Amino acid sequence: KTEFDKQDCERKAFQRLADKIKKYFPRLPIILIADGLYPYQGFFQTCKKNGWDYILTLKDNSLRTLQQDIQLEKRLTSHKQTYQVYHQTKTIKQTSDYHWLKGLEYKGYDLNYVECTEKQAYVKTGKEEINKFVHITNLEVNEKTYQRISACGRLRQKIENEGFNQQKNHGYNLEHKFIRNSFLGMKNFYQCLQISHIINQLAEHTKEFASLMECGNHNSVKHLWKRLLSFMLEKLVFIEELSSLTNKRFQLRLC
């Protein structure tokens with residue numbers, strides 16, 4: 001029951017967030033990357049209504065009628081849409097077997113399917129790992145896009161894991177307990193930390209930031225942030241200068 005309540009709350013929260021995003025950014029093109037909780041009819045309906053694309057993890061026990069169609073189509077097209085990609089580095093040998101299907105239908109929604117079975121063999125130890133990644137999407141799947149769609153679907157883990165890793169170990173000090181006697185204060189602090197992290201990520205992907213990386217002795221993003229922090233700690237900024245900067249309109253373009 002706890003798991004059901006958690007899913008129900010997360011899905012309802014998505015609907016509320018989707019309404020707000022569409023209201024404030026009505027023309028923004030969006031591709032949603034989500035876990036196995038989101039392949040359900042309400043999600044598909046919201047994305048279709050808003051004109052959004054998506055790549056979703058498909059669990060073995062989700063959308064059973066669709067799973068049956070997938071298994072049937074896989075048997076019929078087993079030799080037509082199967083591709084193998086080989087990649088090797090100094091430490092691993094990796095073989096990725098892809099299978100994709102398009103034109104699937106689930107309760108009136110057109111879906112496409114991408115499956116990747118990845119085998120990694122470690123050169124030094126000889127140890128082997130096999131992982132399987134399955135995604136459904138409304139994006140066009142063909143010989144040119146199946147690898148990118150599979151890779152983008154797997155970014156969900158990177159977003160979750162690396163986001164917390166950045167906040168804990170790369171300057172945001174998430175592990176430090178700044179507020180010890182107020183749960184509300186702790187939540188407020190973390191919300192501010194999240195906002196600052198989002199702003200920094202956007203800044204790091206602008207053309208202006210990229211130009212700074214290309215010139216001088218700026219060898220890394222970390223080095224640039226250290227210089228900015230040093231400036232904020234050591235430089236005396238007058239209110240007149242700050243006002244002139246904040247009142248001036250400017251535009252940042254993403255790379």
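**Figure 1. Surroundings of Tyr38 in the predicted model**. Apart from neighbours within four places in sequence, Tyr38 contacts Glu10, Phe14, Phe43 and Leu56; contact means heavy atoms within 4.5 Å. The model is predicted, and local features need pLDDT of at least 70, side-chain atom pairs count only at pLDDT 80 or more, and totals for chains, interfaces and linings use all residues. Residues are numbered from 1 along each chain as its sequence is written, and side-chain values use heavy atoms, with hydrogens and water left out.

**Figure 2. The aromatic pair of Phe14 and Tyr38**. The structure holds eleven aromatic pairs; rings of Phe, Tyr and Trp (its six-membered ring) pair if their centres lie within 6.5 Å, and planes under 30 degrees apart count as stacked, over 60 as edge-to-face and the rest as tilted. Because the ring centres of Phe14 and Tyr38 are 5.7 Å apart and their planes stand at 75 degrees, this pair is edge-to-face. Phe14 belongs to helix H1 (residues 2-24) and Tyr38 to the loop between strand S1 (31-34) and helix H2 (41-50), so the pair ties together parts 24 residues apart in sequence. Helices (H or I, at least four residues) and strands (E, at least two) are DSSP runs, numbered from the N terminus. Both Phe14 and Tyr38 are buried, where buried means under 20% relative accessible area, exposed over 50%, and partly exposed in between (1.4 Å probe, protein chains only).

**Figure 3. The aromatic cluster and a charge over Tyr40**. One aromatic cluster is formed by Phe14, Tyr38, Tyr40, Phe43, Phe44, Tyr54, Tyr106 and Tyr109. Over the face of Tyr40 lies Arg11, at 4.1 Å from the ring centre. A charge sits over a ring if NZ of Lys or CZ of Arg is within 6 Å of the ring centre and within 35 degrees of the ring normal. Elsewhere, Arg154 places its charged end over the ring of Phe133, 3.8 Å from its centre.

**Figure 4. The nonpolar cores**. A nonpolar core is a set of buried Ala, Val, Leu, Ile, Met, Phe, Trp, Tyr and Cys residues joined through side-chain atoms within 4.5 Å. The largest has 25 residues, and those with the most contacts inside it are Tyr38, Phe43, Phe44, Leu56, Leu66, Tyr113 and Ile136. Two or more residues come from each of H1, H2, S2, helix H3 (64-76), S4, strand S5 (109-122) and strand S6 (128-137). A second, separate core of nine residues includes Leu139, Val141, Tyr146 and Ile149.

**Figure 5. Helix H4 and the pair of Tyr98 and Tyr146**. Tyr146, Ile149, Ser150 and Gly153 are buried in helix H4 (residues 146-153). These residues cover an arc of only 95 degrees around the axis, which puts them on the same side of H4; the arc is that of the directions from the helix axis to the C-beta atoms. The rings of Tyr98 and Tyr146, with centres 5.1 Å apart and planes at 70 degrees, form an edge-to-face pair. This pair links distant parts of the chain, Tyr98 in strand S4 (residues 92-106) and Tyr146 in helix H4, 48 residues apart. Tyr98 and Tyr146 are both buried.

**Figure 6. Gly103 in strand S4**. Gly103 is exposed, with a relative accessible area of 69%. Leaving aside neighbours within four places in sequence, Gly103 is in contact with Leu111 and Asn112.
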